[in-house]
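Here is my note for you to read alongside the model. Please keep the 3D view open and turn to each residue as it comes up.

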Amino acid sequence: MPQVVNVLGYGPVTFPDGMSKEEIAEALKQLPPVAAQQPPAPVAQPTTVMGKLAASPVGGFVRGMMDIPEAGAQLVTRGLEAVSPAGSSMEKFMASERKRVEDINRQNEALYRQSRAGQFMPDEMDVGRVVGNVAGSLLPSTAAVKALNLAAAPVKAGAVGGAVSGALQPVTPGATDFFSQKAQQIGLGTGAGAAGGYLSDKMLNLLFGRGPTVTQAAQPTTAQAQTSATVTPTASVTGGQMTPGVVGADASAALTEAQKAILERGKAMGFRTTPGQETGSRSLQQMEARMESNPMFSGAFNTIKDTNQKVLNRATAQAIGVDAAELSNPVLAQAQRQISAVYNKVASPNVQKLDQMYVMNGIDLIDSAAEGLTTQPLRTNIFVKQLQDFAAKGEATGNQLSTLSSKLGKKAKNEMTTVNGDRELGQALFQIKEIVDDQLMAGMSAADQAAFQAARANYRNLMTVRTSSGVINPSSGNVSGLNLASALTRKDPRGFMEGTNTTPMYEAARFAQAFRPIVGDSGTATRMMEITPLNMLLSMPTNLAASAYTSAPASAMARRLQAGVLPAGTLNPATEELLRRALPLTAGAGLTSGLLGQ
């Protein structure tokens with residue numbers, strides 16, 4: 001069996017079986033001595049100021065700056081040599097120029113590596129040189145983006161910046177596949193630059209919110225410039241469109257100013273919104289629609305809808321003089337009784353003077369507006385004739401005026417709600433009733449006038465919701481916010497459309513119109529899954545997660561992120577715009593230099 005001896009410096013050494021220890025010792029003496037390990041030669045330290053500068057990170061920055069013109073010169077000479085006619089004096093001249101440029105580049109690179117020898121690990125990035133590369137490529141990148149009119153498209157601007165930076169990265173001098181390597185550099189630079197532009201745009205939107213649309217147009221003529229001097233520019237909310245890098249107007253990107261104002265007033269009334277509604281994000285609302293349509297998540301959304309329905313019902317009930325969370329038949333009857341009680345109270349046998357001019361002029365104006373629209377002339381109506389008779393006498397009792405007002409209201413309601421009724425005549429009779437009520441109120445005390453004025457407003461609101469189709473479901477007691485908004489638009493366009501009426505019912509209708517339910521009551525959610533005890537148990541954690549998602553803090557956070565993390569006004573608009581233009585280019589060049597740098 002062979003004998004193995006572990007010898008220092010040599011490791012295991014095998015000797016034949018049968019050798020004695022003396023023979024093995026003698027054989028070991030014959031082994032050549034192990035060479036002593038020589039210490040590494042010390043690196044020469046720079047002694048001059050320029051040498052010390054080159055050996056520092058500042059030298060890396062300077063070298064990175066020099067990479068750009070050196071690589072540009074190499075690219076130009078290589079390109080001119082390639083397009084020169086074969087065998088021509090032009091080709092020979094460009095070949096010599098290319099060799100001279102590459103020799104200079106090779107010498108400069110060797111000197112830099114020698115001065116920085118031992119300062120980096122094998123795979124360590126030369127940060128100073130990368131920063132110099134970015135700084136050196138910003139000027140040509142900016143010029144290219146400006147020439148291509150891409151300042152408003154951060155992704156495209158970043159891609160152009162990355163392509164320019166890639167084109168200006170050095171290639172090893174003497175490489176035979178120069179143009180293949182250059183194409184790879186440009187391709188990688190374009191991709192890295194686009195990614196940098198995209199990430200920088202998202203980061204800026206997170207910090208400052210979505211910025212105004214920036215458009216680059218042709219230079220205006222003198223006349224256009226003079227005309228535009230009197231026009232106040234307006235900023236529009238922007239968001240990403242399907243075309244990569246385009247930042248243009250997007251209705252789903254954010255809330256309009258009107259929606260923001262309505263949202264604040266609606267939240268003060270008790271209305272709730274989802275994060276998608278809070279921010280105006282179409283993507284979030286699409287996700288919420290799926291969640292609301294699935295019983296595993298729908299609990300929180302049903303709670304929001306129920307809360308908003310009660311707020312809407314209560315605001316409408318208050319508008320007709322009652323305090324209730326629903327408008328069922330008994331509630332509507334109660335409102336009618338309360339209004340009638342006020343009208344009956346002001347009826348008295350006392351004679352009061354009428355404003356003849358006010359009454360006759362009012363009838364003339366209403367008759368002129370309704371002329372040709374009604375099935376019969378307004379003045380032929382028996383109740384209008386009675387009012388004309390009172391005006392001719394110049395007086396009437398409180399009982400007479402109260403009775404006439406009640407009959408005018410009933411006749412107007414019948415004309416507007418029955419199948420064979422005349423809607424235009426009904427509206428005209430309601431306006432005549434207002435004239436009668438004005439005369440009835442003129443002879444009251446201040447307290448009675450206040451009560452009667454409130455009853456008149458309640459009556460107008462009651463007629464609006466009762467005579468408009470689909471506003472109230474008296475069986476469920478729920479109000480349709482969209483139908484209420486439609487009715488107010490028709491009945492009181494000035495109060496609703498122009499915003500002169502800001503009572504709770506009007507504000508609730510505006511909220512319902514601005515923030516419609518994401519999913520209607522189609523029954524989809526209840527048909528999607530069989531409701532069993534097991535499914536109810538399984539839906540508990542998902543509904544808890546949906547409740548957390550739709551909570552007020554989550555909605556506020558989503559809205560805050562939409563508006564930007566930094567408070568408004570942290571930077572002036574000019575500085576913010578400069579960042580939005582410069583950061584995509586810088587990020588694109590930085591990623592490219594980091595990937596392709598020496």
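The points below go from the whole chain to single residues.

1. **How to read the model.** This is a predicted model, where local features need pLDDT of at least 70, side-chain atom pairs count only at pLDDT 80 or more, and totals for chains, interfaces and linings use all residues. Residues are numbered from 1 along each chain as its sequence is written, and side-chain values use heavy atoms, with hydrogens and water left out.

2. **Confidence.** pLDDT is the predictor's confidence in each residue, from 0 to 100. The protein has a mean of 77, and 73% of its residues reach 70 or more. Over residues 212–252 the pLDDT is below 50, although this stretch has 53 contacts in the model beyond near neighbours in sequence; a contact means heavy atoms within 4.5 Å. Residues 522–529 also stay under 50, with twelve contacts beyond four places in sequence. Where pLDDT is low, the predicted coordinates should not be read in detail.

3. **Overall make-up.** You will find 25 helices and eight strands in the protein; these are DSSP runs numbered from the N terminus (helices are H or I, at least four residues; strands are E, at least two). Of the 598 residues, 38% are buried. Here buried means under 20% relative accessible area, exposed means over 50%, and partly exposed lies in between (1.4 Å probe, protein chains only). Among contacts with a separation of 6 or more, 69% join residues 24 or more positions apart.

4. **The cores.** A nonpolar core is a set of buried Ala, Val, Leu, Ile, Met, Phe, Trp, Tyr and Cys residues joined through side-chain atoms within 4.5 Å. Which residues have the most contacts inside the largest core? They are Leu 378, Leu 387, Ile 432 and Leu 484, in a core of 65 residues. Helix 17 (residues 423–442) gives the largest share, nine residues. Leu 378 has contacts that include Leu 425, Ala 428, Leu 429 and Ile 432. A second, separate core has eight residues, among them Ala 144 and Val 160.

5. **Helix 21.** This helix (residues 504–514) is mostly covered, with eight of its eleven residues buried. Among the buried ones are Tyr 506, Glu 507, Arg 510 and Phe 511. The buried residues of helix 21 pack against several helices, including helix 9 (257–269) and helix 18 (446–467).

6. **A nonpolar surface patch.** Val 58, Phe 61, Val 62, Met 65, Met 66, Met 125, Val 127 and Val 131 form a nonpolar patch with about 660 Å² of accessible area together. Accessible areas come from the Shrake-Rupley method with a 1.4 Å probe; for residues, only the protein chains shown count as cover. Helix 3 gives the largest share of the patch, five residues. Met 66 is in helix 3, and it counts as partly exposed because its relative accessibility is 38%.

7. **Two residues to look up.** Asn 149 sits in the loop between helix 5 and helix 6 (154–167) and has a positive phi of about 60 degrees although it is not a glycine. Ala 587, in helix 25 (residues 573–596), is 394 residues from Gly 193 in sequence, yet 6.9 Å from it in space, C-alpha to C-alpha. Ala 587 touches Gly 196 and Ser 200, not counting residues up to four places away in sequence.

Technical notes: Patches are made of residues with over 30% relative accessible area and no salt bridge: like charges are joined within 9 Å, nonpolar side chains (Val, Leu, Ile, Met, Phe, Trp, Tyr) within 5 Å. A salt bridge is a side-chain nitrogen of Lys or Arg within 4 Å of a carboxyl oxygen of Asp or Glu.
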